[in-house]
Amino acid sequence: MSPRRSPLSPALLAGATIAVAALACGEVPTLPGGIAYISPVLLPAPAVAVGDTLRDSMGVVAPIRVFGIDNAGDTVGTIEPVFVVTTVPGKSVRITATGLVIGDSVRTAQIVGQVGSRLQTPPVSLDVVEQPDSITASSALSARFPTATATEVTSTLALGVSVTAPPIPPAARAGVKSIIVRYEVTRIFPAAATIPDTTLVLLDESGRFQLPTGRTSRDTTDASGTASRRIRAIPLGFDSVEITASATNLRGVPLKGSPIRFMATTK
């Protein structure tokens, strides 16, 4: 029976080229099963809670994966990767034969995937963290857009949040990193206001917004448990805008305090 194949996204195929860097220069060889490349290790989430199993964004247990890719750019369904934890010394995570990852100790784990004896992925980082339970605002819940200047027609406001886990005595409550926070423009007042999409957008740390509308974004908490986005607008034609920031724990349960509702006004 021939290997099962399916189309692969260009982004994943681009990443796969890294995994053949160790091979000799020249024409890419085809290994048994039709495999020419392998993808990076794909994580269902950037973090796993200590004492729990890695889950996807919905809180469903999900394995880490590596895809085999043939010379036509199609996935090869017969691949059987082996995953190796390269973090030393001490415990970090355990990986089952089916690719499930269990968090053993709070730290950052490094994992590589191997296919046969000739293909190995670059290491990928997975954070083992305490299970978060709360999200709070770290910037003002209500603020006015700054007055635009003569050289800048738009103005911005910061929308910061903090994700924390319960205290473990004698330590105090602490921030939790690698938790995804989702931002969304939810309401504009008055409701009849007509605002072109690209004049009211959520910006990432590089000043970019997510197409097509720019009114949704997401950030991942840093080492202190903080996430942030900025709302940018031409502050004309509307009175105020509501932006929510929401997050769940690593089992998919909404955090206490989620969603946070920010209000940005023009008056």
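**Terms and values in a predicted model**

P259 is placed in the loop between strand 20 and strand 21 (260-265). Residues are numbered from 1 along each chain as its sequence is written. The model is predicted, so that local features need pLDDT of at least 70 and side-chain atom pairs pLDDT 80 or more, while totals for chains, interfaces and linings use all residues; side-chain values use heavy atoms, without hydrogens and water.

Q: How many helices and strands does the chain have?
A: There are one helix and 21 strands. Helices (H or I, at least four residues) and strands (E, at least two) are DSSP runs, numbered from the N terminus.

Q: Why is S240 called buried?
A: Buried means under 20% relative accessible area, exposed over 50% and partly exposed in between, with a 1.4 Å probe and protein chains only. S240 has 10% relative accessibility and therefore counts as buried. This residue lies in strand 20 (residues 240-246). In the chain of 267 residues, buried residues make up 41%.

Q: Which residues is S240 in contact with, leaving aside its neighbours within four places in sequence?
A: S240 is in contact with R187, I188, F189, M263, A264 and T265. Contact means heavy atoms within 4.5 Å.

Q: What is the order of the five strands in the open sheet?
A: The order is 13-21-20-16-18, with mixed pairing. Strand 13 (142-144) and strand 18 (216-220) are the edge strands, as each pairs on one side only. Two strands pair if DSSP finds at least two bridges between them.

Q: How do you know that strand 16 and strand 18 pair?
A: Strand 16 (residues 180-189) and strand 18 are joined over five bridges in the antiparallel sense, and the definition asks for at least two. E184 stands opposite T216 in strand 18. Strand 17 and strand 19 are likewise paired in the antiparallel sense, over four bridges, and L200 stands opposite A233 in strand 19.

Q: Why is the pair of F145 and F238 called edge-to-face?
A: Rings of Phe, Tyr and Trp (its six-membered ring) pair if their centres lie within 6.5 Å; planes under 30 degrees apart count as stacked, over 60 as edge-to-face and the rest as tilted. The rings of F145 and F238 are 6.2 Å apart centre to centre, with 85 degrees between the planes, so the pair is edge-to-face. A search of the whole structure finds one aromatic pair.

Q: What does the pair of F145 and F238 tie together?
A: F145 lies in the loop between strand 13 and strand 14 (155-165), and F238 in the loop between strand 19 (226-233) and strand 20, so the pair ties together parts that are 93 residues apart in sequence. Both F145 and F238 are buried.
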